[in-house]
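Welcome, and please have your viewer ready. We will go stop by stop, with something to select at each one.

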Amino acid sequence: MALIRRKRKLTFGSGGIYRAEAENSGKKRIILQIVTYLLEICIVIGIAYAITKYGLMQTSMIGESMQQTLNNGDEVLVNKFAYKFSAPERFDVVAYCQNSSEHSYLNIKRVVGLPGDKILIDKGKIYINGEELEEKINVEPMNTGGIAGEELLLEENEYFLLGDNRNNSQDSRFSNVGTVVKDDIIGKVWFRIKPFSSIKSLNIKSDSEQENE
(Lines give C-alpha, C1' and ligand atoms only; values in the text may rest on other atoms or scores of the structure.)
Protein backbone atom coordinates (compact mmCIF):
# COMPACT_ATOMS: atom_id res chain seq x y z
CA MET A 1 0.00 0.00 0.00
CA ALA A 2 2.80 2.38 0.85
CA LEU A 3 4.32 1.70 -2.58
CA ILE A 4 1.05 2.55 -4.29
CA ARG A 5 0.70 5.79 -2.30
CA ARG A 6 4.22 6.78 -3.29
CA LYS A 7 3.36 6.21 -6.94
CA ARG A 8 0.25 8.37 -6.57
CA LYS A 9 2.34 11.16 -5.02
CA LEU A 10 4.79 10.84 -7.88
CA THR A 11 1.98 11.03 -10.39
CA PHE A 12 0.49 14.10 -8.63
CA GLY A 13 3.89 15.72 -8.50
CA SER A 14 4.50 15.08 -12.22
CA GLY A 15 1.16 16.72 -13.04
CA GLY A 16 2.23 19.83 -11.11
CA ILE A 17 5.47 19.94 -13.02
CA TYR A 18 3.62 19.61 -16.34
CA ARG A 19 1.23 22.41 -15.38
CA ALA A 20 4.14 24.62 -14.36
CA GLU A 21 5.90 23.88 -17.62
CA ALA A 22 2.71 24.62 -19.54
CA GLU A 23 2.30 27.93 -17.72
CA ASN A 24 5.93 28.85 -18.42
CA SER A 25 5.51 27.88 -22.06
CA GLY A 26 2.37 30.03 -22.30
CA LYS A 27 4.19 33.00 -20.76
CA LYS A 28 7.06 32.54 -23.20
CA ARG A 29 4.62 32.51 -26.13
CA ILE A 30 2.99 35.72 -24.91
CA ILE A 31 6.38 37.39 -24.46
CA LEU A 32 7.44 36.19 -27.92
CA GLN A 33 4.23 37.57 -29.45
CA ILE A 34 4.77 40.93 -27.74
CA VAL A 35 8.39 41.08 -28.87
CA THR A 36 7.39 40.10 -32.42
CA TYR A 37 4.66 42.76 -32.43
CA LEU A 38 7.03 45.47 -31.21
CA LEU A 39 9.64 44.37 -33.76
CA GLU A 40 7.07 44.61 -36.56
CA ILE A 41 6.15 48.14 -35.42
CA CYS A 42 9.83 49.13 -35.43
CA ILE A 43 10.28 47.68 -38.93
CA VAL A 44 7.23 49.55 -40.25
CA ILE A 45 8.44 52.81 -38.69
CA GLY A 46 11.92 52.21 -40.12
CA ILE A 47 10.57 51.53 -43.60
CA ALA A 48 8.33 54.62 -43.43
CA TYR A 49 11.31 56.74 -42.35
CA ALA A 50 13.50 55.33 -45.12
CA ILE A 51 10.81 55.92 -47.74
CA THR A 52 10.28 59.49 -46.53
CA LYS A 53 13.99 60.34 -46.29
CA TYR A 54 15.39 58.40 -49.23
CA GLY A 55 12.46 57.27 -51.38
CA LEU A 56 9.32 59.36 -51.73
CA MET A 57 8.19 62.78 -50.63
CA GLN A 58 5.10 64.89 -51.13
CA THR A 59 5.30 68.54 -52.08
CA SER A 60 3.17 71.27 -53.64
CA MET A 61 3.47 73.09 -56.92
CA ILE A 62 4.03 76.78 -56.18
CA GLY A 63 3.15 79.29 -58.88
CA GLU A 64 1.96 78.99 -62.47
CA SER A 65 5.24 78.19 -64.24
CA MET A 66 4.23 74.58 -65.05
CA GLN A 67 0.74 75.20 -66.43
CA GLN A 68 -0.87 73.39 -68.24
CA THR A 69 0.90 70.38 -66.76
CA LEU A 70 0.64 71.40 -63.10
CA ASN A 71 -1.36 74.17 -61.48
CA ASN A 72 -0.58 76.25 -58.43
CA GLY A 73 -1.30 74.20 -55.30
CA ASP A 74 -1.26 70.78 -56.99
CA GLU A 75 0.08 68.09 -54.66
CA VAL A 76 2.73 65.90 -56.28
CA LEU A 77 4.75 62.84 -55.32
CA VAL A 78 8.51 63.08 -55.86
CA ASN A 79 10.62 59.96 -56.37
CA LYS A 80 13.86 60.83 -54.56
CA PHE A 81 15.42 57.47 -55.45
CA ALA A 82 15.05 57.96 -59.22
CA TYR A 83 18.46 59.54 -59.78
CA LYS A 84 20.55 57.67 -57.23
CA PHE A 85 21.95 55.35 -59.89
CA SER A 86 20.97 57.16 -63.09
CA ALA A 87 20.87 60.68 -64.48
CA PRO A 88 17.84 62.84 -65.30
CA GLU A 89 16.58 62.40 -68.85
CA ARG A 90 15.31 64.94 -71.29
CA PHE A 91 11.65 65.91 -70.66
CA ASP A 92 11.69 64.59 -67.06
CA VAL A 93 9.80 66.84 -64.65
CA VAL A 94 12.05 67.32 -61.63
CA ALA A 95 11.99 68.96 -58.20
CA TYR A 96 15.10 70.89 -57.25
CA CYS A 97 16.37 73.31 -54.62
CA GLN A 98 19.44 75.31 -55.50
CA ASN A 99 21.95 75.78 -52.71
CA SER A 100 22.48 79.37 -53.79
CA SER A 101 18.77 80.17 -53.83
CA GLU A 102 17.28 82.52 -51.26
CA HIS A 103 14.14 80.35 -51.22
CA SER A 104 13.94 77.12 -49.22
CA TYR A 105 10.97 75.63 -51.07
CA LEU A 106 11.30 73.20 -53.96
CA ASN A 107 11.04 74.34 -57.56
CA ILE A 108 9.49 72.15 -60.24
CA LYS A 109 10.59 72.39 -63.87
CA ARG A 110 11.13 70.21 -66.94
CA VAL A 111 14.56 69.01 -68.11
CA VAL A 112 15.33 70.28 -71.61
CA GLY A 113 19.11 70.33 -71.85
CA LEU A 114 21.54 67.64 -70.68
CA PRO A 115 25.25 67.86 -69.80
CA GLY A 116 27.33 68.47 -72.93
CA ASP A 117 24.39 69.86 -74.95
CA LYS A 118 24.58 73.11 -76.84
CA ILE A 119 21.32 75.02 -76.19
CA LEU A 120 19.97 77.79 -78.39
CA ILE A 121 16.56 79.46 -78.21
CA ASP A 122 15.80 81.32 -81.40
CA LYS A 123 12.45 82.81 -82.49
CA GLY A 124 10.67 80.97 -79.70
CA LYS A 125 12.05 77.54 -80.59
CA ILE A 126 14.63 75.35 -78.84
CA TYR A 127 17.63 73.97 -80.66
CA ILE A 128 19.77 71.20 -79.20
CA ASN A 129 23.18 70.75 -80.84
CA GLY A 130 21.91 72.57 -83.91
CA GLU A 131 18.66 70.61 -84.30
CA GLU A 132 15.19 71.85 -83.42
CA LEU A 133 13.79 70.06 -80.38
CA GLU A 134 10.52 68.23 -81.03
CA GLU A 135 8.44 68.63 -77.91
CA LYS A 136 5.55 66.30 -77.10
CA ILE A 137 3.89 68.71 -74.69
CA ASN A 138 1.71 71.73 -75.41
CA VAL A 139 3.80 74.86 -74.96
CA GLU A 140 3.75 78.37 -76.39
CA PRO A 141 6.63 79.80 -78.43
CA MET A 142 8.93 81.71 -76.09
CA ASN A 143 9.07 85.49 -76.15
CA THR A 144 12.64 85.45 -74.86
CA GLY A 145 15.54 83.05 -74.95
CA GLY A 146 17.35 84.75 -72.08
CA ILE A 147 20.89 83.53 -71.63
CA ALA A 148 20.20 80.86 -74.27
CA GLY A 149 19.52 83.57 -76.87
CA GLU A 150 23.09 82.79 -77.87
CA GLU A 151 24.29 79.20 -78.01
CA LEU A 152 25.02 77.95 -74.50
CA LEU A 153 27.24 74.95 -73.79
CA LEU A 154 26.23 72.93 -70.73
CA GLU A 155 29.15 71.80 -68.63
CA GLU A 156 29.46 68.40 -67.00
CA ASN A 157 26.69 67.86 -64.45
CA GLU A 158 24.66 70.90 -65.67
CA TYR A 159 21.02 70.77 -66.73
CA PHE A 160 18.89 73.34 -68.52
CA LEU A 161 15.37 73.46 -67.08
CA LEU A 162 12.25 75.20 -68.39
CA GLY A 163 8.75 75.68 -67.06
CA ASP A 164 5.95 74.42 -69.32
CA ASN A 165 4.30 77.84 -69.07
CA ARG A 166 7.17 79.24 -71.10
CA ASN A 167 6.19 82.91 -70.98
CA ASN A 168 5.46 82.93 -67.27
CA SER A 169 8.37 80.99 -65.80
CA GLN A 170 11.59 81.89 -64.03
CA ASP A 171 13.89 79.10 -65.20
CA SER A 172 17.32 78.39 -66.66
CA ARG A 173 16.91 81.17 -69.24
CA PHE A 174 17.36 83.74 -66.49
CA SER A 175 20.59 84.54 -64.67
CA ASN A 176 18.94 84.48 -61.23
CA VAL A 177 18.26 80.75 -61.81
CA GLY A 178 20.68 79.63 -64.51
CA THR A 179 21.62 76.03 -65.11
CA VAL A 180 20.98 73.47 -62.37
CA VAL A 181 23.52 70.88 -61.23
CA LYS A 182 22.51 67.31 -60.47
CA ASP A 183 23.26 67.62 -56.75
CA ASP A 184 20.52 70.25 -56.50
CA ILE A 185 17.92 67.98 -58.08
CA ILE A 186 15.92 66.30 -55.31
CA GLY A 187 14.09 63.79 -57.48
CA LYS A 188 11.71 63.06 -60.31
CA VAL A 189 8.15 64.34 -60.06
CA TRP A 190 6.24 61.09 -60.43
CA PHE A 191 2.53 61.58 -59.85
CA ARG A 192 0.02 64.32 -59.30
CA ILE A 193 -1.96 63.27 -56.24
CA LYS A 194 -5.13 65.39 -56.56
CA PRO A 195 -6.55 64.56 -59.03
CA PHE A 196 -4.35 61.48 -59.28
CA SER A 197 -2.44 61.13 -62.54
CA SER A 198 0.98 60.16 -63.85
CA ILE A 199 3.03 63.22 -64.79
CA LYS A 200 3.89 61.54 -68.10
CA SER A 201 0.23 61.59 -69.14
CA LEU A 202 -0.32 65.31 -68.50
CA ASN A 203 -0.34 68.01 -71.18
CA ILE A 204 0.70 65.64 -73.97
CA LYS A 205 0.03 66.63 -77.57
CA SER A 206 -2.48 64.50 -79.43
CA ASP A 207 -1.26 62.33 -82.32
CA SER A 208 -2.92 64.67 -84.83
CA GLU A 209 -1.15 67.70 -83.31
CA GLN A 210 2.20 65.93 -83.55
CA GLU A 211 1.54 64.89 -87.16
CA ASN A 212 0.64 68.45 -88.18
CA GLU A 213 3.95 69.87 -87.00
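**Confidence before anything else**

Colour this predicted model by pLDDT: the chain mean is 83, and 78% of the residues reach 70 or more. Now select residues 1-12, where the pLDDT is below 50. Beyond near neighbours in sequence, this stretch has zero contacts in the model.

Centre on Ile108. Which residues does Ile108 touch, leaving out those up to four places away in sequence? Its contacts include Leu70, Val76 and Val189, along with Val93, Val94 and Ala95. Also among them are Thr59, Ser60, Met61, Ser65 and Met66.

**Along β3**

Stay with β3 and look at its side chains. In a regular strand, side chains alternate between the two faces of the sheet. Here Val93 and Ala95 point one way, while Val94 and Tyr96 point the other way, and all are buried.

Now bring in the strands that pair with β3. Strand β4 (residues 107-113) runs antiparallel to β3, joined to it by four bridges; look for Val94 opposite Lys109 of β4. Strand β11 (residues 185-192) also pairs with β3 in the antiparallel sense, over three bridges. There, Tyr96 has Ile185 as its bridge partner.

**Last stop**

Notes:
Residues are numbered from 1 along each chain as its sequence is written. This is a predicted model: local features need pLDDT of at least 70, side-chain atom pairs count only at pLDDT 80 or more; totals for chains, interfaces and linings use all residues. Side-chain values use heavy atoms; hydrogens and water are left out. Contact means heavy atoms within 4.5 Å. Buried means under 20% relative accessible area, exposed over 50%, partly exposed in between (1.4 Å probe, protein chains only). Helices (H or I, at least four residues) and strands (E, at least two) are DSSP runs, numbered from the N terminus. Two strands pair if DSSP finds at least two bridges between them. pLDDT is the predictor's confidence in each residue, from 0 to 100.
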